[in-house]
Amino acid sequence: MNVIQPIQHPGKPAAATLGLVDVDIHPRAKSIDEFRPFLSARWWEHLTTWGMRQRHGYTGGQPPFPKAQPMASRRDAWPPGGTPCSDLEFMRFQLLDNYGIDVGVLNPLQPSGQGDRNNGFSAAMAHATNEWQLEAWLRKEPRLRGSVVVPYEDSAASAAEIRARAGDPNFAQVLMMSRTAEPAGNPRYWPIYEAAVEAGLPVAFHAFGYSGWAMTNGGWPSFYIEEVSEHATSCQNQVISLVVEGVFERFPGLKVVLIECGFAWMPSVAWRLDGHWKHLKSEVPHLTRAPSEQIRDHIWVSTQPMEEPERGAHVLDICEWSGWDHILFATDYPHWDFDDPREALPGIIPAERRRDIFGGNARKLYGF
Amino acid sequence: MIAGPVAEIPPGGRKLVEAGEGRRIVVFNLDGEFYALANRCPHQGGSLCDGIRTGHVTAPEPGIYSYERRGEMIRCPWHSWEFDIRTGKSWFDPRRVQVRQFPAHVEKGSALVEGPYRAETFPVRVEDDYVVVEA
């Protein structure tokens, strides 16, 4: 993997002396036709005849709530004649060049085939999405890295896709969603983790997804503000499941990245698990290490959005409890809740910590 | 400074003007009245000129809604923070979060050709009316 030399840039935060790495960029195809070269005739016909059928109640596979701004995007992120982040030139201008970003990690969300009810189609679309990333973005722009999109409800197909990408420096991680059909620690998903560790790739869980279940324990909520707040709770399930199923015991090399889920909740989940573990060890005898240690060692988090308590000192506490060296900077471009790197981090965070969050931590994790 | 000819900013329209030293001001026409705000959102710096104009949805209780003051709010194109175009005050915390407002008014070109206001990018013609911003 090429080791980056941070570029000097007027739009870059001054503290980003180890480089500016953005771990959450959402590219989108201008139209579904961009996937055609990467789908077999059989699956292209399926797509154009039947369309995508994600496991999602009430909505026919569409996002269930209107999202603040059209296509959940900044209103100034629409290139002429296109949709947000569908045009490499425009994205370079508005994001990479504007802020002096050294490395940007792509997380394609829609369409990607993830969560489709047809497993074969889900795998074909995920594969096409990865080919499309290479063709439309990664081979054209050396600052970008892709995510290996996997049809995560079919772990055998997912593992095959990961192994096909192993060793390709264009890909930085494996991408899953925070809502899965069963909790992410379930052994049905283990082949994904096994292949990822083999390939030396972290596994990212991005907020959102298509579990087929309601997104709260009380059923379907009324408002988008409830859905977007649920991103944190969706990851709490996943963290607890990954730990107690023994995934990190089984795959000590596994690194998990939680994207767009916040992290102030994570220390409390760890403390709670530790408390229960002391009493319930006999139920989970395969756990040899305290849950908090496993979380601390195996899980990374991203800043957009990070919780912002009113008292600045509390920001420092949250980062300390979560692990200063496990916090990664993200813009979430082009989405409406985008973070400007020059404005996003609360002022109380010391310069050397900002330096690590902006670049040092991601470079260590991903090997950039 | 002279923001531009009145005819260039029709009712419902807006114009982004350079106010020197990198500052930008956005001028709105609200039914014939002109208002000028700093273009930079106080949150993270989104360009307010690129946002949509909207109104107030109010609810005295859950389930009872009314839409008021249509077109009198500007919504930041990034995180949807909303500001009253007339005052610059934010919708969610009007006392503490505001965008700077500048006085704006209309003057005849005949009164402006003598100064003191400046229009660096266009000629001022005596027969036209202009929007003037005190910035």
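This is a predicted model: local features need pLDDT of at least 70, side-chain atom pairs count only at pLDDT 80 or more; totals for chains, interfaces and linings use all residues.
Start with helices. Two packed helices are described by the angle between their axes and the distance between the axes. Take helix α3 of chain A, residues 119-138, and helix α4 of chain A, residues 155-165. Their axes come within 10 Å and cross at roughly 20°. Angles under 35 degrees count as roughly parallel, so α3(A) is roughly parallel to α4(A). The crossing is right-handed. On the α3(A) side, the contact uses Ala123(A), His127(A), Asn130(A), Glu131(A) and Leu134(A). On the α4(A) side, Ala157(A), Glu161(A) and Arg165(A) meet them. By class, this contact has three nonpolar, two polar and three charged residues.

Helix α6 covers residues 224-244. Helix α8 covers residues 265-280. These two pack at an angle of about 35°, with their axes 11 Å apart. Their crossing is right-handed. From α6(A) come Ala232(A), Cys235(A), Gln236(A), Val239(A), Ile240(A), Val243(A) and Val244(A). From α8(A) come Trp265(A), Val269(A) and Leu273(A). The class count here is nine nonpolar, one polar and no charged residues.

Charged pairs come next. Side chains of opposite charge can pair when their charged atoms come close. A search of the whole structure, over all chains, finds 30 salt bridges. One of them returns us to α4(A). Arg165(A) and Glu161(A) meet there in a salt bridge, at 2.9 Å from N to O. Both residues lie in α4 of chain A. They sit four residues apart, about one turn of the helix. Buried means under 20% relative accessible area. Arg165(A) therefore counts as buried, at 6% relative accessibility. Glu161(A) is buried too, because its relative accessible area is 7%. Both residues also belong to the contact with α3(A).

A second bridge spans more of the sequence. Arg179(A) and Glu227(A) meet through their side chains at 3.2 Å, N to O. Arg179(A) lies in strand β4 of chain A, residues 171-179, while Glu227(A) lies in helix α6, so the pair ties together parts that are 48 residues apart in sequence. Both partners are buried.

Next comes a loop. It runs between β8 (327-328) and α11 (351-366) of chain A, and Thr331(A) lies in it. Is Thr331(A) buried or exposed? Thr331(A) counts as buried because its relative accessibility is 0%. Leaving out residues up to four places away in sequence, Thr331(A) touches Asp22(A), Asp24(A), Leu95(A), Gln304(A), Asp337(A), Phe338(A), Asp339(A) and Pro341(A). Thr331(A) and Pro341(A) are ten residues apart in sequence, with their C-alpha atoms 7.0 Å apart.

Backbone geometry deserves a look too. Most residues other than glycine have a negative phi, and most peptide bonds are trans. The loop between β8 and α11 holds Asp332(A). Phi of Asp332(A) is near 70°, a positive value in a residue other than glycine. Asp332(A) is buried, with a relative accessible area of 0%. Pro334(A) is found in this loop as well. The peptide bond from Tyr333(A) to Pro334(A) is cis, with omega near 5°.

Pro111(A) sits in the loop between β2 (103-106) and α3. The peptide bond from Gln110(A) to Pro111(A) is cis, with omega near -10°. Cys85(A) sits in the loop between α1 (41-50) and α2 (88-99). Phi of Cys85(A) is near 55°, a positive value. Cys85(A) is buried, at 2% relative accessible area.

Finally, turn to chain B. Its secondary structure comes to one helix and ten strands. From the N terminus on, the order is β-β-β-β-β-β-β-β-β-α-β. The C-alpha trace of chain B spans about 55 × 30 × 20 Å along its principal axes. Chain B has 135 residues, and 44% of them are buried. Among contacts in chain B with a separation of 6 or more, 44% join residues 24 or more positions apart.

Notes: Residues are numbered from 1 along each chain as its sequence is written. Chains are lettered from A and ligands numbered from 1 in the order in which they are written. Side-chain values use heavy atoms; hydrogens and water are left out. Axes are lines fitted to C-alpha atoms, for helices over the stretch in contact, and angles run from 0 to 180 degrees between N-to-C directions. Angles under 35 degrees count as roughly parallel, over 145 as roughly antiparallel, 65 to 115 as roughly perpendicular and the rest as oblique. A crossing is left-handed if the near helix is turned anticlockwise from the far one by less than a right angle, and right-handed if clockwise. Contact means heavy atoms within 4.5 Å. Ala, Val, Leu, Ile, Met, Phe, Trp, Tyr, Cys and Pro count as nonpolar, Asp, Glu, Lys and Arg as charged, and the others, Gly among them, as polar. A salt bridge is a side-chain nitrogen of Lys or Arg within 4 Å of a carboxyl oxygen of Asp or Glu. Buried means under 20% relative accessible area, exposed over 50%, partly exposed in between (1.4 Å probe, protein chains only).
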